[in-house]
Amino acid sequence: MKTAIRYYSKFGHTTKMANIVGELTNTRPELATVRLTEPVDTLYLGAGVFLGKVDNSIVEFIKTLTPDMVKQVVCFGSSAIIKSPVPQMRKLLQARGITVSEKEFTCKGSMGPVHMGHPNQKDLDDFRQFILTTF
């Protein structure tokens, strides 16, 4: 099974999460600016939210995807204010005809004093367990 990981991380939270995916899947995490060069079975796509939106690099990356390049996407991320970045990613992916797994993960992310210290070790342990259910 071919796996890829793409993400954007403004404050480092999603980087921590992408690294966990990489460790568990033996796949190198790449920033969303790195395009897919070959078809994958599962794409793990991670983002945080800043000013209520996922970063434009995620939006632009999704625009490069096609159903023949990606069998399914597993979305993950963190957020300090809104509930989750996943609905934004899901909407963009589905508009391109790409299958998005029902399995998704979002945890709190800190922004200044809001949710300071998140994602914490429990968040990351929970994420690790989540990723193990996606294989």
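Predicted model: local features only at pLDDT ≥ 70, side-chain atom pairs only at ≥ 80, totals over all residues.
Me: In what order do the strands of the open sheet stand?

Reply: Strands pair if DSSP finds at least two bridges between them. Here five strands run β2-β1-β3-β4-β5, with parallel pairing. β2 (29-31) and β5 (100-108) are at the edges with a single partner strand each, so one side of each has no neighbour in the sheet. On average, neighbouring strands are turned by 25 degrees against each other, direction ignored.

Me: How many bridges join β3 and β4?

Reply: Seven bridges link β3 (residues 40-47) to β4 (residues 70-79), in the parallel sense. Ala47 has Gly77 of β4 as its bridge partner.

Me: Which strands does helix α2 lie across?

Reply: Helix α2 (residues 56-63) lies across β1 (3-7) and β3. Its angle to β3 is about 160 degrees. Axes are lines fitted to C-alpha atoms, for helices over the stretch in contact, and angles run from 0 to 180 degrees between N-to-C directions.

Me: Which residues of α3 are buried?

Reply: Buried means under 20% relative accessible area, exposed over 50%, partly exposed in between (1.4 Å probe, protein chains only). In α3 (residues 86-95), Val86, Met89, Arg90 and Leu93 are buried. Down the helix axis they fall within an arc of 100 degrees, so they line one face. That arc is taken from the directions from the axis to the C-beta atoms. On the other side, Lys91 and Ala95 are exposed. The cover over the buried residues includes β3, α2, β4 and β5.

Me: Which residues touch the most other members of the largest nonpolar core?

Reply: In soluble globular proteins, nonpolar side chains tend to be buried together. A nonpolar core is a set of buried Ala, Val, Leu, Ile, Met, Phe, Trp, Tyr and Cys residues joined through side-chain atoms within 4.5 Å. The largest has 22 residues, and Val70, Met89 and Leu93 touch the most other members. β3, α2, β4 and α3 each supply at least two of its residues. Apart from it lies another core, of 15 residues, including Tyr7 and Phe127.

Technical notes
Residues numbered from 1 in each chain as written. Heavy atoms only, no water. Helix = DSSP H or I, 4+ residues; strand = E, 2+ residues; numbered from the N terminus. Contact = heavy atoms within 4.5 Å.
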